Amino acid sequence: LAILLVMLLIFFFFFGNFTRKTEKVVEESLIDGLTGLKNRRAYQSELAKLNENRNMADISIVSMDINGLKLTNDNYGHTVGDDLIKAAANIMKEIFCEHGWNVYRTGGDEFIAIISSPVSDLDVLVQDFKEQEKNFVHDKIKELTVSIGTVQGYNQRGISCVEDLIKIADKKMYSDKELFYSQADHERRKR
């Protein structure tokens, strides 16, 4: 009986460690290594959960894309480009994550913030983000700007899935990007 108890204790000790290590690996697989934000895998999982719920009215989306990253990478190298990405991600954490939003890095310089509860201050959050951009300081890059598009599900008709909301936010973000590059001193580098 003592041998059986010792074997059970050993089994549960190793199984518990294995389970904790497995949980840590799974958690780390959902985090972007550069920014510390959630990654595309986590984003895909979140979309599936939100679409199961089918209540698009409470969902708000912010689509974000860093301006000038390709030009920065071409002129200064990817390490400096990574500095730009990390700086933008830090602002996203401060403005969105600290207010309960989930933020995902969905591509090289593309990010999506999602919250599935009513938001009354979305315009204020975006303005705060734009103010934080002005505080960016780097020895090689003169500015950090992010094009932003937003949508709130409660004021949309005919929305059947979260991807419909994302398309609207993306369209607004690309309009913001066009406005940015139409202004003087902003060279656009095509991919």
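**Note on helix packing, cores and cysteines**

1. Helix H4 (residues 78-95) and helix H5 (residues 122-133) have axes that come within 10 Å and cross at roughly 145°. Axes are lines fitted to C-alpha atoms, for helices over the stretch in contact, with angles from 0 to 180 degrees between N-to-C directions. Helices (H or I, at least four residues) and strands (E, at least two) are DSSP runs, numbered from the N terminus. The model is predicted: local features need pLDDT of at least 70, side-chain atom pairs count only at pLDDT 80 or more, and totals for chains, interfaces and linings use all residues. Residues are numbered from 1 along each chain as its sequence is written, and side-chain values use heavy atoms, with hydrogens and water left out.

2. The crossing of H4 and H5 is right-handed (near helix turned clockwise from the far one by less than a right angle). On the H4 side, Ala-88, Ile-91, Met-92, Glu-94 and Ile-95 make the contact; H5 supplies Leu-125, Asp-128, Phe-129, Gln-132 and Glu-133. Contact means heavy atoms within 4.5 Å. Six of these residues are nonpolar, one is polar and three are charged. Here Ala, Val, Leu, Ile, Met, Phe, Trp, Tyr, Cys and Pro count as nonpolar, Asp, Glu, Lys and Arg as charged, and the others, Gly among them, as polar.

3. The largest nonpolar core has 30 residues. Such a core is a set of buried Ala, Val, Leu, Ile, Met, Phe, Trp, Tyr and Cys residues joined through side-chain atoms within 4.5 Å. Buried means under 20% relative accessible area, exposed over 50%, partly exposed in between (1.4 Å probe, protein chains only). Met-64, Ile-66, Phe-96, Trp-101, Phe-129 and Leu-144 have the most contacts inside this core. H4 gives the largest share, nine residues. Another core, of 15 residues, lies apart, with Ile-59, Ile-61, Tyr-104 and Ile-114 among them.

4. Phe-129 deserves a look. Beyond its neighbours within four places in sequence, Phe-129 touches Met-64, Ala-88, Ile-91, Met-92, Ile-95, Phe-96, Val-146 and Ile-148.

5. Helix H3 (residues 69-76) buries Leu-69, Leu-71, Thr-72 and Asn-73. These residues pack against S1 and H4. Gly-77 follows H3, with a positive phi near 100°.

6. Thr-106 sits in the loop between strand S2 (102-105) and strand S3 (110-115). Thr-106 counts as buried because its relative accessibility is 12%.

7. Cys-97 is partly exposed at 33% relative accessibility, and Cys-161 is buried at 18%.
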